[in-house]
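Colleague: Please pick one part of this model and take me through it closely, then set it in its surroundings. I would like the cut-offs stated as you go.

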Amino acid sequence: MTKPTILLVDDEERILRSLRMLFFADYNVLMTTDAHEATRILREERVHVIVSDQRMPIMQGSELLSIARETSPSTMRILLTGYSDMEASIASVNEGEVFRYLLKPWNAADVKEVVAQAAAIARATFATQQSPRVAVIETAKHKLRILVMDNDQATARAIEEILQHRAEVIWAQDEEHAKEILAHQNVSLVVADLNMGGKSVSYILKTVKQFNPQTQIIVLTSFDDTSHLIELINQAQIIRYLPKPIRNNILARNLEFVIERFHALGGSPEMQQRQSVEPVKDEQERLLSNKFMGMLNRLRSRPGVEQS
Amino acid sequence: MRRESYVEIDITSLIKPFECISPDLSLHRVAELFSNANYSNVLSLPIVENGIPVGVISRYSFIDVYLKNYSRELNGRRPIRFFMNPLPILVAHDQPLAEAAQHVTKHMKFPLTEDFIITENGRYAGIGFVVDLLKAMELQMRENAGELNQAYTRLKSSQLALAHSEKMASLGQMVAGIAHEINTPLGYVQNNVSVGKEMFTQVEVMLASYDALIDSLLDDQVGEEQISAQMQQVTELRSNSGTREMMGEMQGLLGDTLYGVAQISELVLNLKDFSRMDAVSTETVNLHDCIESALNIGRNVLKDRIEIIRDFGELPTITCSPSQLNQVFLNLFTNAAQATEGNGKLTIRTWYENGSVHISIADNGKGISPEHVSRIFDPFFTTKPVGEGTGLGLAISHQIIQKHGGDIRVESHPGTGTCFYIHLPAIATTAQVAEMLPLAPDFVQSEETL
Ligand SMILES: Nc1ncnc2c1ncn2[C@@H]1O[C@H](COP(=O)(O)OP(=O)(O)OP(=O)(O)O)[C@@H](O)[C@H]1O
Ligand SMILES: [Mg+2]
C-alpha cells in the first residue's frame, strides 16, 4: 500500500520543516508556504489530509479549506493555528467544515494521531468513490425528525414554518426534556442553543454525535467563547455555528444544506466516519456525557435500527 | 421664549385668554373689535355660545364681507353668526403638543387666516397662535435633539474611556497578533524538541547495539553466531532511513529552534517594554525608544511589506507616559499599514523646535477622502469592515496627546498618502503630568450622570 499524502500549509517555513519530521516516515509529505500553490496541489494530486495554518498573508486558512472542500471533497481538513479569533473559528466550521481544529503549540503525539485517523478515513472515502455503490438512501423514506433545544420556542416555530410537513419538529425547552427525547427517538438533526436555563448543554451534543455520527448538529447561539467553539468542532463535529438572532432565510438555507448532508451520510459508514469525534476532554463534562451515554445505550439499540 | 428646564411644553402654556364674542354680536361691533389695539395681534375672533366655541371669524374673511359694496350698510347690524366659519380649529388644553400640531397643520388654511381655539373640557379657554404652536414644536424638537445629542456624546465618551481603561482599543487585534506571533515559534520549537527527543532515544538504542557488538568482538568467549546476530541488528538499525534522515535534518531544526526561542524572548521583552500594563506611570524617556518599541510590537502588521524610513533628529528626553505614547504610535503604524496595499513606505521624522518635540509619520497608502478627514478623530468613526476596526484608535490617540499637552494633526492626499503630525511639549508642567493619568476622569463622571 502506498503512503497516504499529506499537504502542509503555513506561511512560516520553520513550521513546515518541523511538522515534516513527524510525518515523512509514514506519509508522502507535500508542503508549501503559498496558499495558491496549495490549491493547485489539491487540484492535481490526491491529497488525503491537508493541515493548514489560519493566519496567512494571501488567504486565511478557513478560506483555503473551503476551497479544498470544493476541489477535493474527500481530503480531510485540519486547521492548525496559533491564535484564533471568534470569526476565524466560526469560518472554520461554516466554510471550512474542518475535521479538527488544533492549536499551536501542539503535542507531537496528538497531532500524529489525529492525522493518522484522518488519513485512514480519507483512504476509505477515496476507495468508496472508486467503486461506486448504489447509495441506499433509506433515510429519505423516513420523515426527518428535528430536535430543537432552546428555552425559547421561537426557533422551533421558525423551523416548523420553514420545513412545513417535511419534518417533525420537536421542541425541548430544557436539558432534561432534550435528553428524554434523545433517549427515546432517533433524531436526524439537532438545532441547539448552547445554553439552557443558564447551563451549558454542550455535553448532550457531544454525546449525541458520539452515539450516532449521522446526526447533524447546528448550534444557534449568542454565546461566544472560542475555546468552547473549538471543543464543539473537535468533540461534536457541529456542522454549522450560527449567531442568534438569525434571519429566516439564512436559517432556511442552512437547514436545506444540512438536511442534504444528513441524507448523503445516510447509506455510507465511510462518510459517517468523516464526522467522527474526539472523546470529551473536560472532566465535568465527561461525567455528564458518560451518564447520558449510559442512558442512551440502555434505552436505545444502536443506531441503524430505526425505531420510533 | 427661553425655557429653564426640560419640561415638556404643553398647550396650556400657549393659551391667549382673549375674550370671546357672542354669535349675536353685530358686524359693526366686530369691526370695532378688530380695529381695537388689544386685538391687533389676533388673526381671528373666537365665537362662543354658552361657553362652547361655535365658530370663528377671521380678519381676512371679515374684511372680505365688510368691504363688499354696501355691505356695511346692509349687514352692519346683522349678527356675526351668519358670516362666521362654523368649523373652528379646536385643540384641547391637555392634548399632547405633537398631536395638536398635527391636527392644526392638517386643518389650517393658507394663507394663515385663523387662530385656533383651545378648550378645556369642551369649553372655551382661549385662543392659540399657530405660529406659537409651531415655534413650541420646533423648540421641543431641538431640545429633544439636544438632549439626545448630549446623551450620545456622553455615551460615546464614556465608552471611549471605558475602552481605553481596559486597553481594548486595537488591543483585541494586538492580542490576536501577539498570540499568533508567540505561538508560531513556540509551535516549531516544541515540536523540534520532541522530535529531537525521539531521535535521541533511537540514537541511544543504536549506540547500545554498537557497544554490544564491539564488546562481543573484543571478547574471545563470544561465538560467531552471536556476533553475526548482533551485526545483523546493527545493520538493520543503520538502514532505518528515518533515523538517518532525522539526523541529517536535526542540525537545521536545532538552528530553527534557537531562532524561535530568541524570537519569543524578544517579543516578550518588547511586550513588557511596551505596555507596562500594571503601572501606567510617567517617566522621562527619549521618544525614539517609544517609536522603536511600537515598531517592534507592530512588526506583525507591518510585516515585510512596509519599508520603515527613520529620519530622526536630536531629541531631548520628555516626561510622559511611555505606554500611552507607545499606543499612539502603534495606532498610527497600524493605520498606515492597513491603508497600504502591497508594498509601501513609512517615513518617521522627528525634530526639536521651539521647546516642543515633533514627530511626523507619513505613509504612501491610499489616503483619506476629504469628506472623512474631519471625522477620523471621532470615536467609532471607521471605514474598516466590522471586526477589523473599532474606530477608536485615533480617538484614543488624540486624547492621549491632548493629555500630554500636545497636539495631533493630519494631512492627507487621496491616492498619495497620509501624514500625521504630533508635537509634544518637551517640558510638561507638573499639573499636566499629574493630569495625564488617570485618563479622562470627566468621562467617568458623566457616566454616572447618565
Ligand atoms: N494612515 C491612514 N491612511 C488612510 N486612512 C486612515 C489612516 N489613518 C486613519 N485612517 C482612516 O481613519 C479611520 C479611523 O481610524 P482609527 O484608527 O480611529 O480607527 P480604525 O483604524 O478604523 O479602527 P481601530 O484603530 O480601532 O482598529 C480609519 O478607519 C481610516 O479610514
Ligand atoms: Mg486604527
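**A helix crossing in chain B**

Modeller: The helix H1(B) passes H2(B) in a left-handed crossing, a term that applies if the near helix is turned anticlockwise from the far one by less than a right angle, with right-handed used if it is clockwise. This is a predicted model, in which local features need pLDDT of at least 70 and side-chain atom pairs count only at pLDDT 80 or more, while totals for chains, interfaces and linings use all residues. Side-chain values use heavy atoms, without hydrogens and water, residues are numbered from 1 along each chain as its sequence is written, and chains are lettered from A and ligands numbered from 1 in the order in which they are written.

The axes of H1 (residues 27–35) and H2 (residues 59–66) of chain B come within 11 Å and cross at roughly 130 degrees, which makes H1(B) oblique to H2(B) (under 35 degrees is roughly parallel, over 145 roughly antiparallel, 65 to 115 roughly perpendicular, and the rest oblique). These axes are lines fitted to C-alpha atoms over the stretch in contact, with angles from 0 to 180 degrees between N-to-C directions, and helices (H or I, at least four residues) and strands (E, at least two) are DSSP runs numbered from the N terminus.

On the H1(B) side the contact (heavy atoms within 4.5 Å) is made by Leu27(B), His28(B), Val30(B), Ala31(B) and Phe34(B), which meet Arg59(B), Phe62(B), Val65(B) and Tyr66(B) of H2(B). By class, the contact of H1(B) with H2(B) has seven nonpolar residues, one polar and one charged, where Ala, Val, Leu, Ile, Met, Phe, Trp, Tyr, Cys and Pro count as nonpolar, Asp, Glu, Lys and Arg as charged, and the others, Gly among them, as polar.

In the loop between strand S1 (44–49) and strand S2 (52–58) of chain B is Asn50(B), which has a positive phi of about 55 degrees although it is not a glycine. Asn50(B) is exposed, with a relative accessible area of 68% (buried is under 20%, exposed over 50%, and partly exposed in between, with a 1.4 Å probe and protein chains only).

Chain B as a whole has 15 helices and twelve strands, and 44% of its 450 residues count as buried. Of the contacts in chain B with a separation of 6 or more, 73% involve residues 24 or more positions apart. Chain B exposes about 24,700 Å², of which carbon and sulfur atoms supply 54%; such areas come from the Shrake-Rupley method with a 1.4 Å probe, and for residues only the protein chains shown count as cover.

The residues of the contact of H8(A) with H12(A) divide into eight nonpolar, five polar and two charged.

Chain A also has a residue with positive phi other than glycine, Glu97(A), whose phi is near 40 degrees. Glu97(A) lies in the loop between helix H4 (86–94) and S5 of chain A, and Glu97(A) is buried, with a relative accessible area of 10%.
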